[in-house]
Every structure is written in structure tokens, then in C-alpha cells.
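Subject: Structure handover

Hi,

Here is the structure I promised to pass on. Please open it alongside this email, and my notes follow below.

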Amino acid sequence: MYENEQKAERALLVAVDTGEYDAEISMAELYELTRSAGAEPLGAMIQKRPSPESATCVGSGFLTEIADQCKALEIDLLIFDCELTPTQIRNIESETDVRTIDRTMLILDIFALRARSREGSLQVELAQLQYLLPRLSGKGTALSRLGGGIGTRGPGETKLETDRRHIRRRIDTIREKLADVEKHRGLLSARRKKDGVISVALVGYTNAGKSTLMNALTDAGVLAKDMLFATLDPTSRALRLPHGSNVMLIDTVGLVRRLPHHLVEAFKSTLEEAAGADLILNICDASSEETADHLRVTQELFEYLGCSSPILSVFNKCDLLGIENFPGTPERVYISAKTGQGIPTLLQRIEETLNLLPVQKKLILPFSESALAARIRHDCHVLSEEYTENGLVLEAELTPELQRAAQKFETE
């Protein structure tokens with residue numbers, strides 16, 4: 001059950017298999033999306049066709065079967081695993097007498113349900129309005145039902161029942177507000193770069209365990225649930241690596257196949273921040289049969305964003321495979337965020353990839369640099385130190401950060 005609902009809607013899932021993608025796999029994902037939205041998926045129907053029917057998406061005979069199944073199962077909601085036109089929705093609802101939404105509307109609804117920050121809410125509203133704007137004509141009285149049920153959360157009926165001009169003005173307003181947020185984020189990012197802050201982004205398929213890993217590494221307290229899109233708003237936390245270096249860990253929104261274009265555009269600034277990180281951890285569910293596809297979905301998105309950062313593939317949930325000793329390669333790490341297995345290897349690989357391993361240095365620190373000496377003692381492994389008339393002679397394994405701070409005091 002979800003917010004403000006006492007009873008879960010009973011949903012029937014429908015797909016048209018044209019051979020463009022694996023309909024069975026996509027339907028399994030739609031099932032999880034439906035559960036994440038708070039509905040109860042009671043069945044699924046797939047029709048093989050060369051292409052969707054222009055008027056009803058599925059064939060007339062198949063639509064009759066759908067209507068019969070809706071009556072038999074007392075279905076409240078039809079969810080199509082494709083994008084429907086307003087005419088198709090109207091014709092399907094007329095034949096079945098059941099409210100109908102498509103895959104994009106379902107994902108937008110989940111995002112509206114999960115958004116917590118002001119920026120997240122604005123991004124979701126922008127995506128919803130962009131999706132609905134070309135669909136205003138022909139929807140007729142359908143808009144009057146907005147405000148309750150899956151596929152209806154978000155901007156609200158007062159915005160959607162106004163004319164196109166008002167909605168376009170609202171879209172422009174949201175874009176201006178998001179531009180201000182993006183500018184502010186850009187200034188913070190530039191400040192972090194100037195201060196030498198290193199960032200590591202957690203990206204990947206939704207429900208791969210990114211938030212669980214974030215909590216395991218930083219005690220961030222991020223919501224971690226077995227559902228799609230449990231995390232929507234990005235979270236940043238400091239992570240101290242084994243040899244003393246500090247990095248900023250960023251948790252991001254999860255991805256799915258065929259992520260609606262409007263969502264990618266609305267969340268582009270957030271995703272670009274992740275793409276601009278010094279290192280990207282591509283988290284995937286090792287226990288899933290679709291691991292390769294999940295990695296590909298993430299890779300394609302970051303290619304679209306023009307990402308040039310190094311990417312380390314992290315195979316999570318390995319405890320579900322019954323593996324005692326996790327294998328690994330320079331490009332892949334196998335872990336269980338739940339049990340902690342493989343985490344030390346992951347941290348070591350992060351240090352290696354970012355060149356954050358300590359280097360042994362010998363320094364002569366003036367007595368006036370006592371604060372720097374204290375930092376070295378606290379953050380690094382000190383091999384020896386001796387007070388002389390010229391200052392403190394100190395030999396230690398310095399982190400990159402302290403190597404830069406102490407560079408002028410190095411000696412042979």
C-alpha cells in the first residue's frame with residue numbers, strides 16, 4: 001500500500017511483442033514497477049504483433065479478451081508496457097471500462113511519489129508536464145479524474161485543466177528554477193574541485209543495492225528498500241578510505257530500460273553531476289539474470305551524457321550466489337553490501353583507480369607547521385620523527401592530499 005491509499009489497486013499488465021525488445025523481461029520489470037507504485041499486479045497478457053494497432057495498441061479480439069479478464073479479476077487499472085496515445089487510451093477504456101495508463105505514466109507516478117527535495121519535485125513536475133502537453137488535445141473529460149490512483153499523482157488537476165499556454169508558462173518557470181539550482185550546484189562543484197575534493201558516484205540499475213552500499217560505507221541512513229526507485233533525490237556523504245584519503249560519495253537515482261526521455265532530460269543536470277565525478281561505480285545485481293543488460297543500460301546513458309570518467313563495475317548481492325571467495329579483476333569488483341564481503345577489496349580498488357595510495361616521503365617541517373605535523377600524525381602512517389635545530393624531520397606514508405600540502409617541505 002502507498003500513501004493516502006487504504007486498498008491497493010488491482011492491476012492487469014499488457015504488452016505488445018513486436019520483437020523490438022525482449023517482451024518477457026520487460027514485462028517482469030513492469031511487474032516490479034507496478035509493485036513499487038503500490039498496486040497489486042494480478043496478471044499479464046502479451047500479444048505478438050508486427051506493430052501496435054494504431055487505434056487500440058492491441059488487436060480487437062485481444063482487447064475483448066482483456067475486457068473479459070478485467071471483469072473476471074475485478075481489475076481497477078490496466079498498465080500497458082509501451083507509450084500510448086490519448087486516442088488509444090480513450091478507445092481501450094471505452095472497450096474495457098477500466099482506467100488505463102502506460103509505462104511512462106507509471107514511472108512518472110513513482111517518481112512523483114518518491115520525490116522529497118524541492119529540486120526532485122520540480123524535476124518530476126517538469127517531466128510530467130512535458131509528457132502531458134502534447135496529450136492535452138483529445139483527452140477531454142479524462143483530466144477531471146486526476147488526483148487519485150496510480151498515474152495521476154503530480155502536478156494536479158488545476159494545472160492540467162488549463163490551456164496549453166499556461167502549461168508552457170509553467171514549464172518555462174520550472175526550467176528557470178532548475179537552472180538556478182543547477183547554477184548553484186555548479187558553483188559548489190567548482191568549489192569542491194578547487195579545494196581538491198574527490199567525488200565518487202554510485203550509479204546503476206534501480207534496486208541494485210546502491211543505497212545499501214552507501215549506508216554500509218558511510219552510515220548515511222539512506223532509505224534502502226527492495227523496490228524500484230526507493231531513492232530519487234541524490235545524497236552525498238564523506239567516505240574515508242583505508243589509507244586516510246577522503247572522498248565524497250554520491251548516491252543517484254536508479255535506471256531502468258527505456259527510461260522515459262522526459263525523465264532523462266528533466267534529471268539531466270543531476271545525472272551530469274554524477275557523470276562528472278572522478279570515478280563512477282556502476283553497481284549491478286550479480287544475482288540477476290539480466291546483469292549484462294543492466295550494465296549496458298547504465299553505459300549507454302553515460303555515453304549519451306558524454307561521460308569520460310573511469311567506470312568501475314561493482315557486482316553486488318554476491319551473497320545470494322553462495323560464493324565464499326569473490327573473484328575480481330581490475331575492471332570488476334564482487335561484493336555483498338549486505339554482509340560486507342568484498343568491501344575491503346572495493347575500497348582498495350577505489351584507491352588504486354584514483355591514485356590515492358600513500359607514498360613514503362621524508363620531510364623537514366618548520367616548528368611553525370605544527371598543525372600540518374598533527375594532520376600527518378592523525379591521517380597517515382608515521383615511520384619516524386626527530387626534532388632537530390632545523391625543524392621536525394618526519395618520515396611518513398602520505399596520502400595524496402597531504403603530499404600536496406607538504407610538497408615544499410620534502411627532502412632527499
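Helix α4 passes helix α5 in a left-handed crossing. Bear in mind throughout that this is a predicted model.

**α4 and α5**

Helix α4 covers residues 103–114 and helix α5 covers residues 118–132. Their axes come within 9 Å and cross at roughly 155°. An angle over 145 degrees counts as roughly antiparallel, so α4 is roughly antiparallel to α5. On the α4 side, the contact uses Thr104, Met105, Leu108, Phe111 and Ala112. Val124, Ala127, Gln128 and Tyr131 come from α5. By class, the residues in this contact are seven nonpolar and two polar, with no charged ones.

**α1 and α4**

Helix α4 also packs against helix α1, which spans residues 23–37. Here the angle is about 35°, and the axes are 10 Å apart. This crossing is left-handed. From α1, the contact takes in Ser26, Glu29, Leu30, Leu33, Thr34, Ser36 and Ala37. From α4 come Arg103, Leu106, Ile107, Asp109, Ile110, Leu113 and Arg114. Those residues divide into seven nonpolar, three polar and four charged.

**α2 and α3**

How do the axes of α2 and α3 sit, and at what angle do the helices pack? Helix α2 (residues 60–73) and helix α3 (residues 86–96) have axes 9 Å apart, at an angle of about 55°. The two helices are therefore oblique to each other. The crossing of α2 and α3 is right-handed. Leu63, Thr64, Ile66 and Ala67 of α2 meet Ile92, Glu95 and Thr96 of α3. The contact of α2 with α3 has four nonpolar residues, two polar and one charged.

**α8**

Is helix α8 enclosed or open? It runs over residues 210–218, and seven of its nine residues are buried, so the helix is largely enclosed by the rest of the structure. The buried residues are Lys210, Ser211, Leu213, Met214, Asn215, Leu217 and Thr218. A lysine, Lys210, is on that list. What do these buried residues pack against? Four strands are involved: β5 (198–204), β6 (235–240), β7 (246–251) and β8 (279–285). Helix α12 (343–353) is a partner too. Just after α8, look at Asp219: its phi is positive, at about 55°.

**Glu182**

Now find Glu119. Glu182 and Glu119 are 63 residues apart in sequence. In space, their C-alpha atoms are 9.5 Å apart.

**The whole chain**

Last, the overall picture. The protein chain has 14 helices and 14 strands. It holds 412 residues, and 51% of them count as buried. Take the contacts with a separation of 6 or more: residues 24 or more positions apart account for 66% of these. The chain exposes about 19800 Å², and carbon and sulfur atoms supply 47% of that area.

Then move on to α8 and its seven buried residues.

Best wishes

How values were computed:
Residues are numbered from 1 along each chain as its sequence is written. This is a predicted model: local features need pLDDT of at least 70, side-chain atom pairs count only at pLDDT 80 or more; totals for chains, interfaces and linings use all residues. Side-chain values use heavy atoms; hydrogens and water are left out. Axes are lines fitted to C-alpha atoms, for helices over the stretch in contact, and angles run from 0 to 180 degrees between N-to-C directions. Angles under 35 degrees count as roughly parallel, over 145 as roughly antiparallel, 65 to 115 as roughly perpendicular and the rest as oblique. A crossing is left-handed if the near helix is turned anticlockwise from the far one by less than a right angle, and right-handed if clockwise. Contact means heavy atoms within 4.5 Å. Ala, Val, Leu, Ile, Met, Phe, Trp, Tyr, Cys and Pro count as nonpolar, Asp, Glu, Lys and Arg as charged, and the others, Gly among them, as polar. Buried means under 20% relative accessible area, exposed over 50%, partly exposed in between (1.4 Å probe, protein chains only). Accessible areas come from the Shrake-Rupley method with a 1.4 Å probe; for residues, only the protein chains shown count as cover.
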